[in-house]
Amino acid sequence: MSETISATELHHSMGHYFGNRARAQAEETILWQELGEEVELAAEEEDQETFEDQSWRTSPDRWRTHTDVVGDPSPEIDVQTEDVWPEQTIRFRVMAAYLMQTRYEDGQPIPETPNDPLRALFTDLVERELERRESVLSEARGLSQNNST
């Protein structure tokens, strides 16, 4: 037994299909707009909080805690760092340059030659920070290896 659909029934069915599809798309668009606005607002609030909380800018530890947001050391500081620690690794010198830049910006003395008495203090600070970072990385590697087994 074959069923035939009249033009009226077909039009009615198609109307429901397209009507439901249009309604679903409209609901999706509205939901996206609402969520999108919420996401944008949340991002703006987060940006505003970061903008408002500028306490890190005056922290003497910003050279190690906020390297992602502080400016790069000046070319002069880079040259001076290379002069003070010519034998050190690039990684060490990069970290030392951030420390030197921070101290310079804060009006604090910085080592100027390899024989400068401040060199030992700065060397110790940089080495401790590099060790701390390596420890954190090793810990994270250990956790990821434990989770993968």
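Start at D72, which is exposed, with a relative accessible area of 63% (exposed means over 50%, buried under 20%, and partly exposed in between, with a 1.4 Å probe and protein chains only). Keep in mind that this is a predicted model, where local features need pLDDT of at least 70 and side-chain atom pairs count only at pLDDT 80 or more, while totals for chains, interfaces and linings use all residues. Residues are numbered from 1 along each chain as its sequence is written, and side-chain values use heavy atoms, with hydrogens and water left out.

D72 sits in the loop that runs between α2 (62–65) and α3 (75–84). It belongs to a negative surface patch, together with E76, D78, E82 and D83. Patch members have over 30% relative accessible area (Shrake-Rupley, 1.4 Å probe) and no salt bridge, with like charges joined within 9 Å and nonpolar side chains within 5 Å. Asp and Glu count as negative here, and the charge is placed at CG of Asp or CD of Glu.

Now zoom out to the whole chain. It has five helices and zero strands, where helices are DSSP runs of H or I with at least four residues and strands are runs of E with at least two, numbered from the N terminus. Read along the sequence, that gives α-α-α-α-α. Of the 149 residues in the chain, 21% are buried.

Next up is α4, which covers residues 90–105. The buried residues of α4 include F92, M95, Y98, L99 and M100. After the helix comes G107, whose phi is positive, near 75°.

What about charge pairs? The count is five salt bridges, each being a side-chain nitrogen of Lys or Arg within 4 Å of a carboxyl oxygen of Asp or Glu. One of them pairs R119 with E87, whose closest N and O atoms are 2.5 Å apart. Because R119 lies in helix α5 (residues 118–148) and E87 in the loop between α3 and α4, the pair ties together parts that are 32 residues apart in sequence. R119 is buried, at 18% relative accessible area.

Other pairs stay inside α5. R128 and D124 form a salt bridge with closest N and O atoms 3.2 Å apart; they are four residues apart in the helix, so about one helical turn separates them. Both ends are partly exposed: R128 has a relative accessible area of 47%, and D124 has 35%.

Further along, the side chains of E129 and R132 meet in a salt bridge at 2.8 Å, N to O. These two are three residues apart in α5, so again about one helical turn lies between them. E129 is buried, at 3%, whereas R132 is partly exposed, at 39%. Salt bridges with shared partners join E129, R132 and R133 into one network.
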